[in-house]
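Q: I would like to go through this structure step by step. Could we start with one of its sheets?

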Amino acid sequence: MNLKEIGLSIYSFGYSAGFLSQDSVRIQRPVDLMNFPEIAKEFNLGVIEFPFDRYFSQDRVENGFRYIREVRDQEISAVVDIENFDRLYISKIIPYFRKAGISFFRVKMSNYFGGNRYKIPNFQSEVEVFEEEIKSLIPIMNDYRVKLLIENHQDLSSEDIVRIILNTSEEWVGVNWDIGNSLAVGELPEQFLENVGPFLGNVHLKDYKVIPSQRGFGLLRCPLGSGVLDLRNLLGNLIKNANVMPMSIELGAQQVRHCDVFLDEYWKAYPGRREDKKYDFLEFINGIIEPAAMDLDSQNQKEVAEDLCAREFSELRRSVDFLEALEI
């Protein structure tokens with residue numbers, strides 16, 4: 001693969017960038033927004049992806065786009081994420097996208113993980129509010145020719161996202177597909193891609209190991225190519241069917257994400273899911289669970305923070321080497 005066309009999400013560095021912390025250990029974080037382009041260059045990547053609103057509040061928006069211009073001066077492109085869906089904030093920055101030549105931005109609905117929607121009584125009402133907020137942004141996105149991409153953030157299934165798109169705008173709303181997150185909502189990546197294919201606008205490259213948990217399985221962070229997903233074929237299909245598709249490496253969080261797929265309640269929260277699709281998914285999961293895995297959550301709590309940072313860089317190196325070796 002041509003690595004210059006591949007991006008690097010700053011979320012691959014959960015500990016190193018300070019998104020996660022260990023109160024008992026104080027270290028100097030090796031990743032921040034200012035040195036992030038240099039890190040991308042170190043790995044021969046040509047794009048960075050970062051949560052714009054996390055770094056640039058509403059009164060510092062112009063500073064954020066100045067940063068993007070400075071990044072481009074280093075021959076690095078930028079992809080913008082919006083971490084917290086705030087309609088007023090998004091309305092303010094959309095005109096800047098046009099000036100900066102940015103054609104899309106990524107949003108997410110929630111910070112729910114593991115696909116365990118049965119634990120969230122008001123989940124459907126949250127989806128409806130999210131959909132209405134997107135509708136309110138369509139006129140300004142149309143005026144400035146900027147597209148909103150919804151990420152499957154272990155909360156929305158492919159059916160959910162396609163329904164939102166059809167209810168809002170097929171022209172200005174699309175999909176930011178996180179490949180690994182498909183598993184959390186009980187979908188095989190191949191099925192997820194088949195459902196959202198026509199609306200796909202950006203891809204997060206993520207792999208997972210699958211370990212047993214009390215009610216189903218846990219998703220464990222790992223380098224690309226070392227988990228359960230057939231990334232070689234998935235990426236081959238993406239490139240074949242979509243020509244040049246924006247993609248960024250976004251390795252998973254250090255915490256294990258638990259998915260309660262062995263409970264009937266889990267599946268009741270996905271009304272309309274066909275029984276044969278549920279069966280195919282559970283058959284796949286039962287065939288790949290790694291029975292000897294330890295409780296990685298507990299292990300991570302004991303691990304020295306410096307070691308976690310070193311591990312994140314090592315996992316990124318292995319991921320880049322995997323992509324570079326792909327002959328697609």
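This is a predicted model: local features need pLDDT of at least 70, side-chain atom pairs count only at pLDDT 80 or more; totals for chains, interfaces and linings use all residues.

Q: How many bridges join β8 to β9?

A: There are 5 bridges between β8 and β9, which run antiparallel. Within this pairing, Pro212 stands opposite Phe217 of β9, and Lys209 has Leu220 of β9 as its bridge partner.

Q: How many residues lie between β8 and β9 in the hairpin?

A: The hairpin formed by β8 and β9 has 4 residues between the two strands.

Q: Now the other side. How many bridges are there between β9 and β11?

A: Strand β9, residues 217–221, pairs with β11 over 3 bridges, again in the antiparallel sense. Leu219 is opposite Arg257 of β11, and the bridge partner of Phe217 in β11 is Cys259.

Q: Is β9 mostly covered or uncovered?

A: Strand β9 is mostly covered, as 5 of its 5 residues are buried.

Q: Which way do the residues of β9 point?

A: Phe217, Leu219 and Arg221 point one way, while Gly218 and Leu220 point the other way. Residues on both sides are buried. As background, side chains in a regular strand alternate between the two faces of the sheet.

Q: What does β5 do with β6, in terms of sense and bridges?

A: Strand β5, residues 147–151, pairs with β6 in the parallel sense over 4 bridges. Here Glu151 stands opposite Asn176 of β6.

Q: Helices next, please. How does one describe two that are packed together?

A: Two packed helices are described by the angle between their axes and the distance between the axes.

Q: At roughly what angle do α6 and α7 cross?

A: The axes of α6, residues 158–168, and α7, residues 189–196, cross at roughly 10 degrees and come within 9 Å. Angles under 35 degrees count as roughly parallel, and α6 and α7 are therefore roughly parallel to each other.

Q: Which residues make the contact?

A: From α6 the residues are Ser158, Ile161 and Val162, and from α7 they are Phe192, Asn195 and Val196. By class, this contact has 4 nonpolar and 2 polar residues, with no charged residues.

Q: What about loops? Where does Asn44 lie?

A: Asn44 lies in the loop between α1, residues 36–42, and β2, residues 47–51. Although Asn44 is not a glycine, it has a positive phi of about 65 degrees. Its relative accessibility is 35%, and Asn44 counts as partly exposed.

Q: And Glu75: is it buried or exposed?

A: Glu75 is exposed, with a relative accessible area of 72%. It lies in the loop between α3, residues 61–73, and β3, residues 77–81. Glu75 also has a positive phi, about 60 degrees, although it is not a glycine.

Q: Let us step back. How many helices and strands does the chain have?

A: The chain has 12 helices and 11 strands. Its radius of gyration is 19 Å, close to the 20 Å that the globule rule gives for 328 residues, so the chain is as compact as a globular protein of that length. The C-alpha trace spans about 50 × 45 × 45 Å along its principal axes.

Q: What share of the residues is buried?

A: Of the 328 residues, 55% count as buried.

Q: Finally, what share of contacts joins residues at least 24 apart?

A: Among contacts between residues at least 6 apart in sequence, 77% join residues at least 24 apart.

Key:
Residues are numbered from 1 along each chain as its sequence is written. Side-chain values use heavy atoms; hydrogens and water are left out. Axes are lines fitted to C-alpha atoms, for helices over the stretch in contact, and angles run from 0 to 180 degrees between N-to-C directions. Angles under 35 degrees count as roughly parallel, over 145 as roughly antiparallel, 65 to 115 as roughly perpendicular and the rest as oblique. Contact means heavy atoms within 4.5 Å. Ala, Val, Leu, Ile, Met, Phe, Trp, Tyr, Cys and Pro count as nonpolar, Asp, Glu, Lys and Arg as charged, and the others, Gly among them, as polar. Two strands pair if DSSP finds at least two bridges between them. The radius of gyration is taken over C-alpha atoms; the globule rule is 2.2 Å times the number of residues to the power 0.38. Buried means under 20% relative accessible area, exposed over 50%, partly exposed in between (1.4 Å probe, protein chains only).
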